[in-house]
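Student: I would like to learn how to read a structure feature by feature. Could we work through one together?

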Amino acid sequence: MTEIPGVIMAVFLVEYTYPPEKLPLRDEHRPAHRAWLSEQVDAGRMLIAGPLTDGSGGLFLVRGDDADSTREFVAADPFQQVGGVSAVRVQEWTPVFGPFTA
């Protein structure tokens, strides 16, 4: 993806659903998952990320061109690469107030 100065990409809410039986797999790959997330935050693509407190999934805000390219982007997450995610929902989101507005 090429970023163009002055062009604001869309923001997408990405929701992961974690299958409970894959917890040991996620525990094993969590360091790689978090390293990947950190790299994406540093690159400016990932705005915010974190797990749901009940362990059922995670939420991310991601800058992207469209929903399909955002799905492709998060498919590189180590959790997805090893089958630790059972469902991914991607929805464009319009920030109106707060730090992620234009």
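**Reading the fold**

Tutor: Start with one side chain. Tyr16 counts as buried, because its relative accessibility is 1%. Keep in mind that this is a predicted model.

Student: Is Tyr18 buried or exposed?

Tutor: Tyr18 is buried, with a relative accessible area of 10%. The cut-off for buried is under 20%.

Student: How should I describe two aromatic rings together?

Tutor: Give the distance of the centres and the angle of the planes. In this model the count comes to 4 aromatic pairs. One of them joins Tyr16 and Tyr18. Their centres are 6.2 Å apart, the planes are at 65 degrees, and the pair is edge-to-face.

Student: What kind of aromatic pair do Trp36 and Phe73 form?

Tutor: A tilted one, 5.3 Å centre to centre with 40 degrees between the planes. This pair links distant parts of the chain. Trp36 lies in helix H1 and Phe73 in helix H2, 37 residues apart. Both Trp36 and Phe73 are buried.

Student: Which charged end sits over the ring of Phe73?

Tutor: That of Arg45, at 4.1 Å from the ring centre.

Student: Let us turn to the helices. Which residues of H2 are buried?

Tutor: In H2, Thr70, Phe73 and Val74 are buried. Look down the axis of H2: the buried residues fall within an arc of 85 degrees, so they line one face of the helix. Asp68 and Glu72 are exposed on the other side of H2.

Student: What do the buried residues of H2 pack against?

Tutor: They pack against S1, H1, S2, S3, helix H3 (78-81) and S4.

Student: And where is Ser38 placed?

Tutor: Ser38 belongs to helix H1, which spans residues 23-43. Ser38 is partly exposed, at a relative accessible area of 38%. Ser38 and Ile48 are 10 residues apart along the chain, and their C-alpha atoms are separated by 9.7 Å.

Student: Now the strands. What should I expect of side chains in a strand?

Tutor: In a regular strand, side chains alternate between the two faces of the sheet. Then ask which strands pair. S1 and S3 run antiparallel and are joined by 8 bridges.

Student: Which residues of S3 are the bridge partners of Tyr16 and Thr17?

Tutor: Tyr16 has Gly58 as its bridge partner in S3. For Thr17, the partner in S3 is Gly57.

Student: How many bridges join S1 to strand S4?

Tutor: There are 7 bridges between S1 and S4, residues 87-93, and these strands run antiparallel. Val14 stands opposite Val90 in S4.

Student: How does strand S2 run relative to S3, parallel or antiparallel?

Tutor: S2, residues 46-51, runs antiparallel to S3, with 5 bridges between them. In S3, Val62 is the bridge partner of Met46. S2 and S3 form a hairpin with 5 residues between them. In its turn, Gly55 has a positive phi of about 80 degrees.

Student: Is S3 largely enclosed or open?

Tutor: Count its buried residues. In S3, 6 of the 8 residues are buried, so the strand is largely enclosed by the rest of the structure.

Student: Last, the core. Which residues of the largest nonpolar core touch the most other members?

Tutor: That core has 14 residues, and Val14, Tyr16, Met46 and Phe60 touch the most other members. Two or more residues come from each of strand S1 (10-17), H1, strand S3 (57-64) and helix H2 (67-74). S1 gives the largest share, 3 residues.

Student: Which residues does Val14 touch, leaving out those up to four places away in sequence?

Tutor: Val14 touches Gly58, Leu59, Phe60, Val62, Thr70, Val74, Val88, Arg89 and Val90. Val90 stands opposite Val14 in S4, and Thr70 and Val74 are among the buried residues of H2.

Technical notes
Residues numbered from 1 in each chain as written. Predicted model: local features only at pLDDT ≥ 70, side-chain atom pairs only at ≥ 80, totals over all residues. Heavy atoms only, no water. Helix = DSSP H or I, 4+ residues; strand = E, 2+ residues; numbered from the N terminus. Buried < 20%, exposed > 50% of the residue type's maximum accessible area, 1.4 Å probe, protein only. Core = buried A, V, L, I, M, F, W, Y, C linked by side-chain atoms within 4.5 Å. Contact = heavy atoms within 4.5 Å. Pairing = 2+ DSSP bridges. Phe/Tyr/Trp six-rings, centres within 6.5 Å; stacked < 30°, edge-to-face > 60°. Lys NZ or Arg CZ within 6 Å of the ring centre and 35° of its normal. Arc of directions from axis to C-beta.
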